[in-house]
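Here are a few notes to read alongside the model, written for someone opening it for the first time. Please keep the sequence at hand as you go.

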Amino acid sequence: MAKAYLIPAIASLALLGACATATPYQAATPSDRGYTEQQIEQNRWVVNFSGNSLTDRQTVETYLLYRAAELTVQSGYDNFRMVRRTTDADRSFVPVGGTYSHFSPHYRFYGPRGRAIAYYPHHWGGFNDPFFSRAPDYREVTRFEASAEILMGRGPSPDDPAYFDARDVLANLSGTIMRPKVR
């Protein structure tokens, strides 16, 4: 009987561990974050990278730059210029532990004979019950999303800091790119 519970428990822990990682460098899907791009003109694209709450700002911006370089080479160009670039932070607060808000303020704790031992209709900050006595704690969650409009070009990069040599970017950043694990 113990083995019947062991396999689902291990599978649950493995699934939970997989969720607790930063967003890898991958194409975004409806259920996961990553990079997206949209072609505007022959040599002009908008590239985005969105990370989860465990992906820091620097990683999101690095992955955006890497995707711009990768897209430039795939399109047959040599360099690209960042025409517009932004990074947005989406901050929210999520409750961590504390009072269970789905119970009504008229919660009753029944004793062994079914009569109410305690009735707490006026304790809005929490119930005087050992299980519900703490107010919830909140944790700030920040998700970063970087976006850039790039203009691709051929030949050597102009002497301008807004231009990037795509192959140099790929060579220099490839060691920092975390790809998804193959399942």
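1. A hairpin of two residues links strand E1 to strand E2. E1 covers residues 35–41, and its pairing with E2 is antiparallel, over six bridges; strands count as paired if DSSP finds at least two bridges between them. Across this pair, Gln39 sits opposite Trp45 of E2.

2. A word on the source: this is a predicted model, where local features need pLDDT of at least 70 and side-chain atom pairs count only at pLDDT 80 or more, while totals for chains, interfaces and linings use all residues. Residues are numbered from 1 along each chain as its sequence is written, and side-chain values use heavy atoms, with hydrogens and water left out.

3. E2 also pairs with strand E6 (residues 137–153), again in the antiparallel sense, over seven bridges. Here Arg44 has Leu151 of E6 as its bridge partner.

4. Is E2 buried or exposed? Seven of its seven residues (44–50) are buried, so E2 is largely enclosed by the rest of the structure. Buried means under 20% relative accessible area, exposed over 50% and partly exposed in between (1.4 Å probe, protein chains only). Both faces are covered, with Arg44, Val46, Asn48 and Ser50 on one side and Trp45, Val47 and Phe49 on the other.

5. Stepping back, the protein has three helices and seven strands, in the order α-β-β-α-β-β-β-β-β-α from the N terminus. These are DSSP runs numbered from the N terminus: helices are H or I, at least four residues, and strands are E, at least two. Of the 183 residues, 32% count as buried.
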